[in-house]
Amino acid sequence: RFFVCCVLLNFIYIYKNCLLKQLIIIRHAKSDQNFWGNDFERPLNERGKSDAVSMAKRLKNKQLNIDSWAASRAKRARKTAEAFTETFNIAADDIIFISALYHAPAEVFYEVVAAFSDNFNTVALFSHNPGITYFVNSLVSDVKVDNMPTCAMFAIKADIIHWGGFVNAKKDFLFFDYPKK
């Protein structure tokens with residue numbers, strides 16, 4: 001009986017964890033406001049580079065198994081994502097770059113998330129304000145963020161098997177962290 005109970009509890013644990021998807025939403029790190037070129041090519045400033053590494057280490061300390069990394073193609077989001085993947089010893093080539101995330105409204109975030117492969121259980125998503133703040137505020141009713149600071153991380157879990165059901169899924173807040181916290 002003990003063996004049967006252990007097997008059953010193990011099955012329930014595995015089944016329950018397979019029903020959860022986790023999304024970590026990360027705003028790009030601080031960019032160079034003195035850059036006069038195309039906004040899409042705006043680089044990170046020195047504080048942004050430092051914050052990206054620091055926040056990546058904080059995320060790594062949470063010991064989440066991140067299956068996929070997705071980012072806006074804009075330089076500041078791309079470089080932030082690369083700092084995170086480097087900290088996690090993941091090749092930058094593994095980042096999925098999504099043009100639609102550049103200055104995306106909340107609705108586009110939902111479309112992007114719904115298109116994720118169901119093979120991924122935990123995804124880190126890098127993008128921009130103001131859309132990223134609107135998006136995180138639409139996810140759960142019990143936590144609101146006035147503004148996603150640069151390099152902030154907002155994480156939720158969704159009670160789904162398929163990312164396609166994300167928009168209507170029950171979602172629970174996991175954590176909110178940012179460089180000056």
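H103 is found in the loop between β3 (95-97) and α4; helices here are DSSP runs of H or I with at least four residues, strands are runs of E with at least two, and both are numbered from the N terminus. Although H103 is not a glycine, it has a positive phi of about 50°. At 40% relative accessibility, H103 counts as partly exposed, a class lying between buried (under 20% relative accessible area) and exposed (over 50%), computed with a 1.4 Å probe on protein chains only.

A word on the model itself: it is predicted, so local features need pLDDT of at least 70 and side-chain atom pairs count only at pLDDT 80 or more, while totals for chains, interfaces and linings use all residues. Residues are numbered from 1 along each chain as its sequence is written, and side-chain values use heavy atoms, with hydrogens and water left out.

Q63 sits in the loop between α2 and β2 (68-71), and at 72% relative accessibility it counts as exposed.

Then there is the peptide bond from N129 to P130, which is cis, with omega near 5°. P130 belongs to the loop between β4 and α5. As background, most residues other than glycine have a negative phi, and most peptide bonds are trans.

## How α4 meets α5

Helix α4 (residues 106-114) and helix α5 (residues 131-139) pack at an angle of about 70°, with their axes 8 Å apart. The axes are lines fitted to C-alpha atoms over the stretch in contact, and angles run from 0 to 180 degrees between N-to-C directions. α4 and α5 are therefore roughly perpendicular to each other, the term for 65 to 115 degrees; under 35 is roughly parallel, over 145 roughly antiparallel, and the rest oblique.

On the α4 side, the contact (heavy atoms within 4.5 Å) is made by A106, F109, Y110 and V113; on the α5 side, by G131, I132, Y134, F135, S138 and L139. These residues divide into eight nonpolar, two polar and no charged. Here Ala, Val, Leu, Ile, Met, Phe, Trp, Tyr, Cys and Pro count as nonpolar, Asp, Glu, Lys and Arg as charged, and the others, Gly among them, as polar.

In α5, the buried residues are G131, I132, T133, F135, V136 and L139. Their cover includes β1, α4, β4 (122-127), β5 (153-159) and β6 (171-177).

Y134 is in helix α5 too, but Y134 is exposed, with a relative accessible area of 55%. Y134 and F109 are 25 residues apart in sequence and 9.8 Å apart in space, C-alpha to C-alpha.

## R42 in its loop

R42 lies in the loop between β1 (20-27) and α2 (46-61), and counts as buried at 14% relative accessibility. Its side chain reaches two backbone oxygens: that of D32 at 2.9 Å and that of F35 at 3.4 Å. Leaving aside neighbours within four places in sequence, R42 is in contact with S31, D32, Q33, F35, K75 and R76.

## The whole fold

The protein has five helices and six strands, which follow the pattern α-β-α-β-α-β-α-β-α-β-β along the sequence. Buried residues make up 45% of the 181 residues. Among contacts with a separation of 6 or more, 72% come from residues 24 or more positions apart.

Key
A polar contact is a pair of N or O atoms within 3.5 Å; within protein, one must be able to donate a hydrogen and the other to accept it, and residues adjacent in sequence count only if both atoms are side-chain atoms.
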